[in-house]
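Dear colleague,

I am passing on the structure below for you to look over. My notes on helix packing and on aromatic side chains follow it.

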Amino acid sequence: MEITTMPQAMQLHAQIVKSPTITGPDLSLSKLFTFSALSPHGDLGYARLILDSLAAPSSYYFNTMIRAYSQSPDPDHPPRAFSLFLSMLHDPARLAPGPDKFTYPFVFKCCARSRSTRLGKQAHGLVVKSGLASDQYIEHALIHMYSACGRSACACKVFDRMSRRDVVSWTCMIDGMVDDDSPVEAIRLFERMRKEGVGINGATVVSVLRACADTGALEIGKKVHEIAKEIEIDSKANVSTGLIDMYAKCGDLNSARRVFDDIAEKDAFAWTAMISGLAIHGKCTDAIDLFLEMRKMGIKPDERTMTAVLLACRNEGLGYEGLRYFKNMRRKYGVRPTIHHYGCIVDILARAGQLEEAEEFIRKMPIEPDAVMWRTLIWACNVHGDIERGERLMKHLQLLETNADDCGSYVLISNVYASAGKWCDKAGVSELMDKKGLRKPPGSSRIEIDGLIHEFVAGDSSHPEAEKIYEKLDEIEEKLIEESYSPKLSQVLLEIDDEDKAFQLRHHSEKLAVAFGLIKTNPDSEIRIVKNLRSCEDCHAVMKLLSKIYRREIIMRDRIRFHYFRHGECSCGDCW
């Protein structure tokens with residue numbers, strides 16, 4: 001009997017209970033348990049009841065249950081997996097089997113999902129004690145777990161100690177480095193993999209394309225595309241989607257569109273990647289038109305598709321359209337709104353200066369708003385001059401973030417106080433961050449030159465060509481003065497004198513990157529820069545002037561969107 005629904009599973013269960021000898025209890029029970037636990041149409045609660053009803057279940061039942069918990073989107077399920085795992089270790093009646101080599105990969109997956117390094121390390125210790133440390137599946141699971149928990153150094157140790165590394169091992173490590181925000185190291189590992197003659201597959205290519213997309217490494221991405229063509233996997237659905245995403249995020253929208261147009265049968269992922277690419281490049285009307293074309297083709301949008309559409313509305317300032325798409329999500333498109341969709345609407349309203357409407361929208365949401373949403377509104381209050389509302393919301397946010405380990409809210413509150421000249425209040429926030437051991441992530445900018453990624457932070461002097469870069473900055477400053485440029489000192493949120501503020505602005509990471517680009521690239525080529533944070537107003541103004549002074553097109557991707565600087569103007573219309 002083929003089981004496809006829970007009513008069928010329950011009927012089979014009833015038959016087993018009534019006539020166990022006729023139906024073959026062991027095989028049939030295993031079948032319905034597996035369906036209940038692992039099928040999208042199953043019932044995890046029912047599967048657990050079956051497990052709990054067994055007098056002496058085999059390890060298969062425990063492993064399948066832990067696997068199901070590890071795959072479940074419910075955040076309450078990983079702790080249940082840990083509890084079940086502990087029962088395998090410490091069953092006083094010795095009715096539960098001990099964990100085996102199939103148990104640990106799912107346990108590590110739960111650790112990765114819950115970002116629990118402590119539990120992961122303890123389970124790793126048990127693996128070593130039980131003599132399973134050299135099992136390749138367990139090693140791969142360890143690499144994924146440590147990377148997902150932000151411990152790529154530990155993942156590297158596991159990788160380096162492996163006695164045998166295959167394509168899956170290398171791909172796990174590359175993917176893990178990308179997950180741990182180390183895409184440059186991921187690209188280097190891929191190059192090492194190629195030198196050692198290890199064959200690659202579609203999963204490897206997708207992981208490296210993610211790294212290229214994160215770093216803006218267009219030339220390396222093109223080489224990966226050529227490799228995919230050589231081994232004839234470039235037309236695979238996940239590779240094609242990865243190529244669209246890579247080209248779009250590296251600033252080559254034309255190549256992204258060519259890949260998209262060449263796909264014979266486009267799935268929702270390919271459509272979404274292209275819509276998202278158009279949106280971040282400011283081609284928002286084109287993004288919405290493509291979404292409408294997707295609907296005409298009968299392709300059902302998913303959560304990410306709707307996020308891309310709402311981002312297009314946000315970047316173009318299409319508040320009415322954004323609200324209309326949001327309201328139609330469930331009824332017309334069959335997509336349940338998530339926290340990301342609600343966040344997009346808050347951003348749309350806040351950018352338009354509709355602060356009261358944005359606050360009311362948050363308070364009436366059917367799901368709990370996150371700190372990011374409140375931060376968006378608070379910063380909009382600061383931008384639009386609604387100081388009273390901003391301070392009231394900051395107090396509310398501070399109450400929410402009392403025990404939080406995320407520095408984002410503290411950095412925002414500190415910046416708001418600084419922009420209002422409330423230096424004592426700013427100092428208090430900084431002191432609280434120090435006590436909690438929180439550090440603001442530094443702003444950094446990357447530029448690719450001849451297939452190598454160069455990364456800069458503000459005031460960076462560690463680059464081998466630092467002397468030439470700072471000489472170029474002096475030249476740039478002289479040319480800016482000739483254009484009557486005046487630094488936007490208000491962008492420096494520190495209690496220092498104006499001369500020091502101007503010095504700080506002069507050495508922002510994107511200015512170091514563009515100076516390096518002017519030195520190392522041909523006069524008729526584009527300069528492409530990727531910044532990890534939102535670009536400040538002063539850097540934005542300087543990039544516009546430099547595009548005119550040097551007659552160069554400067555393409556910069558910040559945390560929000562792409563900026564195309566040409567002839568002294570920016571594609572964003574000074575709205576980002």
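**Helix packing and ring pairs**

Helix 16 passes helix 17 in a left-handed crossing, a crossing being left-handed if the near helix is turned anticlockwise from the far one by less than a right angle, and right-handed if clockwise. This is a predicted model, in which local features need pLDDT of at least 70 and side-chain atom pairs count only at pLDDT 80 or more, while totals for chains, interfaces and linings use all residues. Residues are numbered from 1 along each chain as its sequence is written, and side-chain values use heavy atoms, with hydrogens and water left out.

The axes of helix 16 (residues 253-262) and helix 17 (residues 268-280) come within 11 Å and cross at roughly 160°; axes here are lines fitted to C-alpha atoms, for helices over the stretch in contact, with angles from 0 to 180 degrees between N-to-C directions. Helices are DSSP runs (H or I, at least four residues), numbered from the N terminus. On the helix 16 side, L253, A256, R257 and F260 meet A270, W271, M274, G277 and L278 of helix 17, where contact means heavy atoms within 4.5 Å. F260 also has K266 over its face, at 5.1 Å from the ring centre (a charge sits over a ring if NZ of Lys or CZ of Arg is within 6 Å of the ring centre and within 35 degrees of the ring normal).

Across the whole structure, a search finds 13 aromatic pairs, defined as rings of Phe, Tyr and Trp (its six-membered ring) with centres within 6.5 Å. One of them joins F291 and Y333, whose centres are 5.4 Å apart and whose planes stand at 75°, so the pair is edge-to-face (planes over 60 degrees apart). This pair links distant parts of the chain, with F291 in helix 18 (residues 284-296) and Y333 in helix 20 (residues 319-333), 42 residues apart. F291 counts as buried at 0% relative accessibility, and Y333 counts as buried at 6% (buried means under 20% relative accessible area, with a 1.4 Å probe and protein chains only).

F326 and F361 form another edge-to-face pair, 5.8 Å centre to centre with 65° between the planes. F326 lies in helix 20 and F361 in helix 22 (residues 355-363), so this pair ties together parts 35 residues apart in sequence. F326 is buried, with a relative accessible area of 11%.

With regards

Terms used: Phe/Tyr/Trp six-rings, centres within 6.5 Å; stacked < 30°, edge-to-face > 60°. Helix = DSSP H or I, 4+ residues; strand = E, 2+ residues; numbered from the N terminus. Buried < 20%, exposed > 50% of the residue type's maximum accessible area, 1.4 Å probe, protein only.
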